[in-house]
Every structure is written in C-alpha cells, then in structure tokens.
Amino acid sequence: MASDVTPPRGMRDFLPLEKAKREAVLGIIRAGYIARGFEEIETPVVEDAARLHSGLGGDNEKLAFGILRRGLEQSDLDAAAAAGSAEGLADLGLRFDLTVPLARYYATNRAKLPGVFKALQIAPVWRAERPQKGRYRQFVQCDIDIIGEPSALAEVELIAATAATLTELGIAGARIRINHRRILRTMLASWGIADDGVDRALVIVDKEDKIGVSGVVAELVDLGLLPFADADRAAADLGGLPDDGWGLDAASAPAWLDLDAYREIHAIRDAVAAAAPGVPLVFSHNLVRGMGYYTGAIFEIQHPEFGYSLGGGGRYDGMIGRFLGEEVPAAGFSIGFERIVDLVPASAAHPASLVLLHDAAADPGALVKLQGALLAEGRRVRLEKRAKNLRPQLERLAVAGYSTFAVLDSAALAAGLDASALDIKPLH
C-alpha cells in the first residue's frame, strides 16, 4: 500500500500558479506599506516557551506548538504522562502571532531603533487549530505596528494605510469596525460581572455575531458570570445600539458607555475621514478582538462575503513594558492574508512573457543562448518541449500566466536564429 503523501492537516502545498499569485499579492502589500514609511523586520520562528505563555496571547497561547527540550530522558516523559501535564517539557515554541515576537524584538533592539518605530512583518505563524475552511495550522500574517507613538496618530495611520492597501489589492466592499476596550469593560462592569470574570465574558461577547444577543446572555448566565437579575438589561444593552452608532452624546448615550473612550474613537474616525475619505469606519460596541494584550482602541476588517474578519488590530500599550519594565505605547494592524488572497482578482498574464516551444533535437546551448537574449530585453521566458497535441499545452501555459509563444525550428536555431526573427503569437 502506498504511503500517505499529503501535507500534515492544516498545512498546504501551493502549485506554481497559486504561489505566483500569493507572491504578487504579498508584493503589493509590502510595497504599499514600505511606501508609507514602515520598515520591514524579521524575527525567529521560535521564541522561549515562557514568553509565548506569559498571558499576552489570550486563547492562542493554548494553540502554541511546543518544542521539547534537548536531552529529555524517557523518565521525564513518563513522569509528565503520570502527572497529566507537559509543563516543563518544552523550553521553546513556534510563534503563534507576530506581535509577541515584535515586543521582544523591540525590547532587545530599542537602542538601535528610532523613538517612533514603524515596523512591517510578513511571515508565517503556527497554531494547533482544528483545520477548517479559512483556518489553518500554518498561515501568513502581514503586520504593521507603530511603537512609541501615544497619540491617536498611530491608529489613524494604521487604519488609513490598511484601507489603502485593500484598495490597491482591488478588494471592494470591506468596512472597518472599531471599538475601545474601556467601553467593553465598563459595559461588563455595569452588568455586575466581577473583574476576574471579564476576560471570559469578553470571549463570549465576541461570539454575538454567531450566537446572537440571547445566546451571549444565556451563556454568561449559565457560566455564573452574569447575575440572572441583570440578564434583561444586558440583552437590552447589546441589542440597543446600531452597528454604526456614531451619533451619541452625553444625553443620548447609555449609562454604561465610557464617553471618554467613545470620544477617542470618534476622533479617530474623523481623522481617518479627513486623511482617507471613503474609508467606511463604523462603531461596533460588541467588537472585542480576542487577544488579551489590547488596552485601547481595537479595529477589525469585515467583508459582506464572509462571516469572519479579514484582519484586525488595536492599541496594546502594556505589552512591551513587561519586557522593559517601563510603559511603551504601541498599536498594530494585521491583514489576514490567507483570507484576503482569494478575494484578490486573478492577475493578468505578464505582457512580456513568452514560451519557446522546441523539439527534442534542439541544441541546448542554442536554446539557452536565445533565452538569454530575450531575457536581456526584459521578457519572462520559458523553454518547453513541444507536445504532440499543442492546444492543451497552450491552454495550460495561458492559465499559468504566459501571454505569448513561439515554435522554434531546430535547423534555424542551429543556424543562429536571431530573437528578432521569432514568429511570436498570442496565447489567448
């Protein structure tokens, strides 16, 4: 019986055409962010296990892949199995996002970086997810972060840059939802939820789009987080605001709304509107974002074709301070690359791409010499043996992104065929 040769679950191979599209999309993202002053960095795929499990990554910490310590004995494994815990067996782990490594990177290299550092990271991350459509165990993240800027300028620049990148990718119809962590915390506190239950409650509130207001309230009550007496008020609060509720003031706002935080994101909206007219930014009082490190404004990309976000971010002022012992303001925005790449229209064939179809008798040296002359003209050139049935071969090459072809005559090639004498024809 043949062995299984498929990739591990949740991980994928990419055929040449898929890989080419991914690289083209990444090129647009990278170029757009670099043009806006972000500087690309690279961090190791592996970080210390203690750092990955320091409470900064929320539920994603549970999905981190660990790397067993070198030198472990069977007795160590047996003891861990008997204790029902793998704690202490792994001293390293694969990164589950790019923000925790960035915080460590900044703390390590702060003296070499500018006071306000604008970082760009595009790299794979790993999570022990249950694989499903749009959710993988290895996937690429595209992050921009601004470290050292305490004002709303950071959020405005991140949102405007991300919205412009979506436009450059040809993605229409997306909107950006925004909320503030203080608004969420004051709302939960008004329902009588204790401080030690806030993080669990936020996870449940974040599921409102899937289970509805009644589902959120019922789960909060069932878990003992929400007093039953406050259930009706919680349901009214969650369902009482429109998803673009910008028109609130001290008179019309619900009592639980943190007006200072609301005015902060309102100012961000106005600044984004001035800097990038047309960016749809809406206030969503039930937007949570899952990471435990967010401290201020949070945002998320939503598209009508999908029931999940296409990216998100927010302010995380407390994270870097854990490494440096002093507070450093920071905010970031991440594009969900694996989710948007399918939305990007297929790129057209490169107009200067050419396939040279030759027979088995063609001289290798002459072939490569002719290819080199065409490359010098700025063309993309592929050498390929001509098939007996030419039509399916040409159809495949067109799908692969080539625009033209020429059939070579071996005798003419041997006689020194000049590139200008080629009979070049369109593939389409």
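**Figure 1. An open sheet of three strands in the predicted model.** Three strands form an open sheet with antiparallel pairing, in the order β2-β4-β3. The model shown here and in every panel below is predicted. Strands β2 (46-48) and β3 (66-68) sit at the edges of this sheet, each pairing on one side only. From one strand to the next, the twist averages 40°. Strand β3 runs antiparallel to strand β4 (residues 90-94), and three bridges join them. Within this pair, glycine 93 in β4 stands opposite glycine 66.

Figure 2. Phenylalanine 96 belongs to the loop between β4 and α4 (99-109). Is this residue, with a relative accessible area of 0%, buried or exposed? Phenylalanine 96 is buried, because 0% falls under the 20% limit. Valine 203 is 107 residues away from phenylalanine 96 in sequence. In space, the C-alpha atoms of phenylalanine 96 and valine 203 are 18 Å apart.

Figure 3. Helix α1 covers residues 16-35, which makes 20 residues. At 1.5 Å a residue, α1 should span 28 Å. The buried residues of α1 are Arg22, Val25, Leu26, Ile29, Gly32 and Tyr33. They cover an arc of only 130° around the axis, so they lie on the same side of α1. Pro16 and Ala35 are exposed on the other side of α1. What do the buried residues of α1 pack against? Their partners are β5, β6, α5, β11 and α12 (337-340). Just after α1 comes glycine 37, with a positive phi of about 95°.

**Figure 4. Isoleucine 29 and the largest nonpolar core.** The largest nonpolar core holds 92 residues. Which residues have the most contacts inside this core? They are Ile29, Ile159 and Trp191. Helix α5 (residues 153-168) supplies the largest share of the core, eight residues. A second core is separate and has 13 residues, including Leu354, Ala366, Ala406 and Leu413. Back in the largest core, a close-up of isoleucine 29 shows what surrounds this residue. Leaving aside residues up to four places away in sequence, isoleucine 29 touches Ile122, Cys142, Thr165, Leu169, Phe337 and Ile340.

Figure 5. Strand β6 runs from residue 138 to residue 147 and is mostly covered. Nine of its ten residues are buried. Ten bridges link β6 to strand β5 (residues 117-126), in the antiparallel sense. In this pairing, phenylalanine 139 in β6 stands opposite valine 125. Strand β6 also runs antiparallel to strand β11 (residues 330-336), with seven bridges between them. Which residue in β11 is the bridge partner of aspartate 145? The partner is glycine 332.

**Figure 6. An open sheet of four strands with mixed pairing.** Four strands make up this open sheet, ordered β13-β12-β14-β15 with mixed pairing. The edge strands, each pairing on one side only, are β13 (380-385) and β15 (425-426). Strand β14 (residues 404-407) pairs with β15 over two bridges, in the antiparallel sense. Phenylalanine 405 has lysine 425 in β15 as its bridge partner. Helix α13 (residues 364-375) lies across β12 (353-358) and β13. The angle between α13 and β13 is about 160°.

**Figure 7. Histidine 358 in strand β12.** Histidine 358 has its place in strand β12. Its relative accessible area is 14%, under the 20% limit, so histidine 358 counts as buried. What does histidine 358 touch, not counting residues up to four places away in sequence? Its contacts are Leu367, Leu383, Glu384, Lys385, Arg386 and Leu408.

**Figure 8. The whole chain, for orientation.** The chain has 428 residues, of which 46% count as buried. It contains 15 helices and 15 strands. Taken along the principal axes, its C-alpha atoms fill a box of roughly 90 × 65 × 50 Å. Of the contacts between residues at least 6 apart in sequence, 69% join residues at least 24 apart.

Technical notes
Residues numbered from 1 in each chain as written. Predicted model: local features only at pLDDT ≥ 70, side-chain atom pairs only at ≥ 80, totals over all residues. Heavy atoms only, no water. Core = buried A, V, L, I, M, F, W, Y, C linked by side-chain atoms within 4.5 Å. Buried < 20%, exposed > 50% of the residue type's maximum accessible area, 1.4 Å probe, protein only. Contact = heavy atoms within 4.5 Å. Pairing = 2+ DSSP bridges. Axes fitted to C-alpha atoms, helices over the stretch in contact; angles between N-to-C directions. Expected span 1.5 Å × (residues − 1). Arc of directions from axis to C-beta.
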